[in-house]
Amino acid sequence: MGSSERPVAKPTVLVTRLVPGDWRDRLSLVADVVTWDEDRPIPRDILMERIGDVDALYCMLTDRVDADLLDAAARLRAVATMSVGTDNIDLAECTLRGIPVGNTPDVLTETTADTAWLLMLASARRAGEGIDVVRDGKWGTWKPGFMLGSDVHGTTIGIVGLGRIGEAVARRAQGFSARVLYTARSRKPEAEARLGVAWRSLADLLAEADHVVLTVPLTPETRHLIDSAALRRMQPHATLINVSRGPIVDTDALVEALNEGWIGAAGLDVTDPEPIPPDHPLVGMVNCTILPHIGSASLQTRQAMANLAADDVVAALRGERMPACANPGVYEISRSEPRG
Ligand code: NAP
Ligand code: GLV
């Protein structure tokens with residue numbers, strides 16, 4: 001650089017939460033990193049205020065990226081969310097504006113499938129109730145009829161959405177000698193052969209499965225996919241496991257189903273509303289096991305997610321294709337077209 005030349009200013013990336021891992025080193029290679037360091041989501045008005053000064057947004061599933069935010073984001077060239085779910089982001093609007101959106105598929109698949117199994121086993125075998133019995137000093141002598149649950153091994157598991165996480169849930173079923181049914185938008189002959197799973201309509205799957213596991217993304221089509229009619233189709237001993245997004249289940253209908261014995265138990269990593277208030281009817285139910293949206297929350301996986309989201313931002317700021325892009329159609333838009 002000659003003495004008369006000014007250093008070129010780096011682009012700015014706003015990171016909206018305290019994040020584990022070495023993502024900062026990665027981002028600093030190409031950008032000045034500005035962070036929201038409070039341990040709560042960045043308030044909407046502050047995000048709206050700051051977005052105009054940033055070239056990339058590294059956000060969380062708790063941040064809404066919609067047309068209003070994008071209207072205020074004059075310089076924005078990239079968005080990356082530290083989640084595989086992108087229901088917090090208006091992907092179509094981002095694509096229209098030529099903004100690639102990164103997410104974190106694959107790196108969290110196995111950990112989230114583990115969580116689905118954790119909830120399935122805990123719900124079927126009444127683990128939450130058992131822990132409470134011990135903590136409350138109510139563990140008497142061993143009794144043959146005490147706390148009888150349902151088996152998971154050797155049963156029929158119905159997976160709603162046989163994508164990355166759904167497949168990982170199905171693979172684990174082999175070790176439990178369980179039969180696996182699935183439903184999705186399209187049939188998957190290759191996965192059927194590879195995993196030994198069988199396709200059913202949603203209605204048939206609900207009626208046949210002993211354990212129903214939800215792994216679909218939240219979209220207008222899947223909102224309240226599990227409503228009162230769906231819950232009434234399930235067997236009275238069956239469990240419902242949700243590791244995708246809370247609004248896929250109609251919460252009021254689930255309360256009724258658990259109260260009235262339409263189903264046996266529910267295991268939820270996600271709820272609607274989220275977080276669920278401690279005085280919500282679901283929280284007090286012995287046949288409902290709730291985790292606080294920790295599906296991908298292992299140290300290794302969260303670091304991998306943080307790094308992948310950082311790599312998405314770095315690639316975009318370098319003018320390269322994101323390693324994990326949720327709106328790949330954005331790359332079809334001619335580079336010569338003006339943004340916005
Ligand atoms: P994925 O690979 O895209 O799989 C999604 C599956 O859902 C696909 O099989 C898809 O079917 C199916 N699907 C989509 N719309 C459907 C509909 N209307 N009816 C029936 N099936 C439908 O996604 P993934 O990586 O497995 O992640 C799934 C979701 O899990 C994410 O979107 C996120 O919301 C949630 N998640 C939660 C946590 C957590 O912490 N609890 C962690 C990770 C992910 P087709 O293939 O036929 O389109
Ligand atoms: C978590 O919920 C995710 O979508 O990654």
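Me: How should I read Arg97, as buried or exposed?

Reply: Buried means under 20% relative accessible area, exposed over 50%, and partly exposed in between (1.4 Å probe, protein chains only). Arg97 has a relative accessible area of 13% and is buried. This is a predicted model, where local features need pLDDT of at least 70 and side-chain atom pairs count only at pLDDT 80 or more, while totals for chains, interfaces and linings use all residues. Residues are numbered from 1 along each chain as its sequence is written, chains are lettered from A and ligands numbered from 1 in the order in which they are written, and side-chain values use heavy atoms, with hydrogens and water left out.

Me: Which side chain does Arg97 meet in a salt bridge?

Reply: Side chains of opposite charge can pair when their charged atoms come close. A salt bridge here is a side-chain nitrogen of Lys or Arg within 4 Å of a carboxyl oxygen of Asp or Glu. Arg97 pairs with Glu93 at 2.9 Å, N to O. Elsewhere, shared partners link Glu110, Asp114, Arg171 and Arg172 into one network of salt bridges.

Me: How many salt bridges are there by this rule?

Reply: The count is 19. One of them joins Asp39 to Arg17, at 3.9 Å from N to O. Asp39 is in the loop between β2 (32-35) and α2 (44-50) and Arg17 in the loop between β1 (12-15) and α1 (23-28), so the pair ties together parts 22 residues apart in sequence. Helices (H or I, at least four residues) and strands (E, at least two) are DSSP runs, numbered from the N terminus.

Me: Are Asp39 and Arg17 buried or exposed?

Reply: Asp39 is exposed at 64% relative accessibility, whereas Arg17 is buried at 18%.
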